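Here is a short briefing on one structure. Please look through the sequence and the coordinates first.

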Amino acid sequence: MSAIDLRGDTVTRPSDAMRRAMAEAPVGDDVYGEDPTVNRLQAVLAERLGKEAALFMASGTMSNQVAVKTLTQPGDEVICHRWSHVYNFEGGTAPAMSGVGFYPIEGEHGVITAEQVEVARQQVIKKRGGSPELEQVRFEPFREGKALQIMHIGAFADEPRTLAVMDAYAAEHGYTYRGKHHEIYLSDFRKTAPERLRTILRHPIED
Ligand SMILES: Cc1ncc(COP(=O)(O)O)c(C=O)c1O
């Protein structure tokens with residue numbers, strides 16, 4: 001049985017095709033907005049996520065630090081999981097760069113609940129008094145809503161064949177798609193023959 005290593009995104013390795021794409025990508029000066037690859041990446045991501053714009057970040061740590069700096073004022077407290085990367089693996093960067101403290105929550109298996117966030121918020125209010133920013137802190141679970149999904153067995157390039165089956169089913173039953181479909185990769189593409197790759201294709205639909 002082959003095991004899938006889920007310790008982190010960092011244990012994955014780029015395939016030969018990914019390395020080739022990186023080596024051959026057209027590049028330019030991003031400060032002047034002249035890097036066509038970065039421009040395309042930002043445009044595609046903004047469109048896919050339904051946002052006004054996207055900004056390429058060179059690393060996860062950079063993304064976390066920019067987020068903290070953008071969303072806080074010096075003296076604020078960041079409520080996060082005890083084992084979150086920003087608290088546990090980024091040293092004193094956020095306190096040094098953004099002047100914030102941390103309120104770490106012990107959540108089971110990396111999960112924090114709405115109740116834990118509310119308790120943390122109330123304790124911070126008690127310690128420091130309320131503020132308009134603290135009023136805005138909320139816990140947002142992401143729900144997919146109703147969706148159609150189908151298992152695709154085969155190469156990624158063959159997905160249109162399976163998507164067509166789902167499209168026909170949606171049309172036959174009067175379902176209207178919402179946004180774009182996404183993919184859940186069940187196989188390790190480094191160890192599985194392309195014709196045996198298993199991928200869930202899921203497309204949200206209107207209620
Ligand atoms: C949630 C999270 N944030 C930040 C990072 C750090 O990313 P980077 O190594 O690109 O700085 C990681 C890396 O695994 C991560 O999982």
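**Briefing**

Helices (H or I, at least four residues) and strands (E, at least two) are DSSP runs, numbered from the N terminus. The model is predicted: local features need pLDDT of at least 70, side-chain atom pairs count only at pLDDT 80 or more, and totals for chains, interfaces and linings use all residues. Residue numbers start from 1 along each chain as its sequence is written.

**Confidence**

- The protein has a mean pLDDT (the predictor's confidence in each residue, from 0 to 100) of 89, and 99% of its residues reach 70 or more.
- Helix α5 (residues 93–98) has the highest confidence, at a mean of 97, and helix α7 (residues 132–136) the lowest, at 80.
- Where pLDDT is low, the predicted coordinates should not be read in detail.

- Helix α6 (residues 114–128) has 15 residues, so at 1.5 Å a residue its span should be 21 Å; the end C-alpha atoms are 21 Å apart, which agrees.
- The expected span is 1.5 Å times one less than the number of residues.
- Helix α8 (residues 159–173) also has 15 residues and reaches 21 Å from first to last C-alpha, close to the 21 Å expected.
- Among the 15 residues of α8, the count of buried residues is zero.
- Buried means 20 or more other C-beta atoms within 10 Å of the residue's own, exposed means 12 or fewer, and partly exposed lies in between, with C-beta atoms placed from the backbone.

**Ligand shell**

- Gly8, Asp9, Thr10, Ser59, Gly60, Thr61, Asn64 and His85 surround the ligand; each counts as near if its C-beta atom, placed from the backbone, lies within 6 Å.
- Helix α3 (residues 60–71) gives the most to this shell, three residues.
- The shell has seven polar residues, one charged and no nonpolar.
- Nonpolar covers Ala, Val, Leu, Ile, Met, Phe, Trp, Tyr, Cys and Pro; charged covers Asp, Glu, Lys and Arg; the others, Gly among them, are polar.

**Nonpolar core**

- The largest nonpolar core has seven residues: Val68, Val78, Ile79, Cys80, Val86, Ala94 and Val100.
- Strand β1 (residues 77–81) supplies the largest share of this core, three residues.
- Such a core joins buried Ala, Val, Leu, Ile, Met, Phe, Trp, Tyr and Cys residues through C-beta atoms within 7 Å.

**Gly50**

- Gly50 sits in the loop between α2 (36–49) and α3.
- Gly50 is exposed because 8 other C-beta atoms lie within 10 Å.
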